[in-house]
Amino acid sequence: MTIKPVAIADQPVGADQPVYVIGEIGINHNGSVENAKKLIDVAAEAGANAVKFQKRTPEISTPLAQRDQIRQTPWGEMTYLEYRYRVEFDDVQYKEIGDYAAQRGLHWFASPWDVPSVEFLENQGVPTHKVASASVTDIELLQALAQTGKPIILSTGMSTIEQIDKAVETLGTDNLIMMHATSTYPLPPEEANLRMIETLRERYQVPVGYSGHERGLQISLAAVALGAVTVERHITLDRAMWGSDQAASLEPTGFKNLVRDIRILEQAMGDGVKKVFPGELAPLSRLRRVDG
């Protein structure tokens, strides 16, 4: 069975299409619009297709047990709930960020962590929504996302196959892209389980990509060789910056090298049909003694 590509704005995502590369900014901007723009520049200069953020309504999405925990932050000591507000952008800021991404030729979207955030992002006109691995079991959120009619990118980290089944049943498969992921930060190779890309593709008959949290490039490149149609990696200006996701992120040079190598792999995969290539003709005439 041929799996149809899913269109994100003007970009079809699927087999025999260019790999859709997402620079996951997340909250690595640390609440700074200027940092967000610099990270958009990183993604654009690397040749990525999109950047992704995270959108929360902190009083809804912050677990009750964590709200009053005291955190040490770059802005001083504050509760976890106060910190969550500190790294959120409002609609005016996201409009500025979105306009800047468009100027740089990138799509932008986000992972909404609660139902009001879905409405917020819809008002911003995003072309797609991403379901974070932590939200796979949030059926209310998935229902709200399904009702948008937009393409949905579903990450599958920290989830059982039964939980993924229920999420897919809620979202439907007509406009769904799935992402194999393991939500260990940073990801050790023995937990990558890249063969799940094929498992998800066969089970759900949708395009499947890879969301990586490993150090280095090898595992993400192997995912492309195994058929991942989209690759998402966290990006940072500097891994030494403050923030829980910085250490598992790629710095500008690493992300640029990843996109470069993905594009080389796309050319190298071929069509699986054996042929004698033009570059082989000279060695053939020089080296083969007996014609078959």
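This is a predicted model: local features need pLDDT of at least 70, side-chain atom pairs count only at pLDDT 80 or more; totals for chains, interfaces and linings use all residues.
The largest share, 3 residues, comes from α4.

The second largest pocket has about 480 Å³ of space. It's lined by 20 residues, and G14, A15, D16, G227 and V229 sit closest to its centre. Here, α10 (218–225) and α11 (252–269) are the elements that contribute two or more residues to the lining.

Here are the two side by side:

| Pocket | Volume | Lining make-up |
|---|---|---|
| Second largest pocket | about 480 Å³ | 11 nonpolar, 5 polar, 4 charged residues |

**Helix α6 and its two sides**

Now for helix α6, which spans residues 115–124 and has S117, V118, F120, L121 and Q124 as its buried residues. Those five cover an arc of only 160 degrees around the axis, so they end up on the same side of α6. Over on the other side, E119 and N123 are exposed.

What covers the buried residues? The cover includes β4 (50–55), α5 (91–103), β7 (107–112), β8 (129–131) and α7 (139–148). Just after the helix, G125 takes a positive phi of about 75 degrees.

**Aromatic rings**

There are 7 aromatic pairs in the whole structure. One of them, F53 with Y94, is edge-to-face, at 5.7 Å centre to centre and 85 degrees between the planes. Because F53 belongs to strand β4 and Y94 to helix α5, this pair ties together parts that are 41 residues apart in sequence. F53 and Y94 are both buried.

Y94 also pairs with W108: the ring centres are 5.0 Å apart and the planes at 5 degrees, so this pair is stacked. With Y94 in helix α5 and W108 in strand β7, the pair ties together parts that are 14 residues apart in sequence.

Ring pairs go on to link F53, F89, Y94, W108 and F120 into a cluster. F120 brings us back to α6, where it's one of the buried residues.

Terms used. Residues are numbered from 1 along each chain as its sequence is written. Side-chain values use heavy atoms; hydrogens and water are left out. Buried means under 20% relative accessible area, exposed over 50%, partly exposed in between (1.4 Å probe, protein chains only). Helices (H or I, at least four residues) and strands (E, at least two) are DSSP runs, numbered from the N terminus. The arc is that of the directions from the helix axis to the C-beta atoms. Contact means heavy atoms within 4.5 Å. On a 1 Å grid over the protein atoms alone, a cavity is a set of points where a 1.4 Å probe fits but cannot get out, and a pocket is an open set with protein on both sides within 12 Å along at least five of seven lines; lining residues have an atom within 4 Å of a point. Grid points are joined across faces, edges and corners, and a volume is the space filled by probe spheres set on the points. Ala, Val, Leu, Ile, Met, Phe, Trp, Tyr, Cys and Pro count as nonpolar, Asp, Glu, Lys and Arg as charged, and the others, Gly among them, as polar. Rings of Phe, Tyr and Trp (its six-membered ring) pair if their centres lie within 6.5 Å; planes under 30 degrees apart count as stacked, over 60 as edge-to-face and the rest as tilted.
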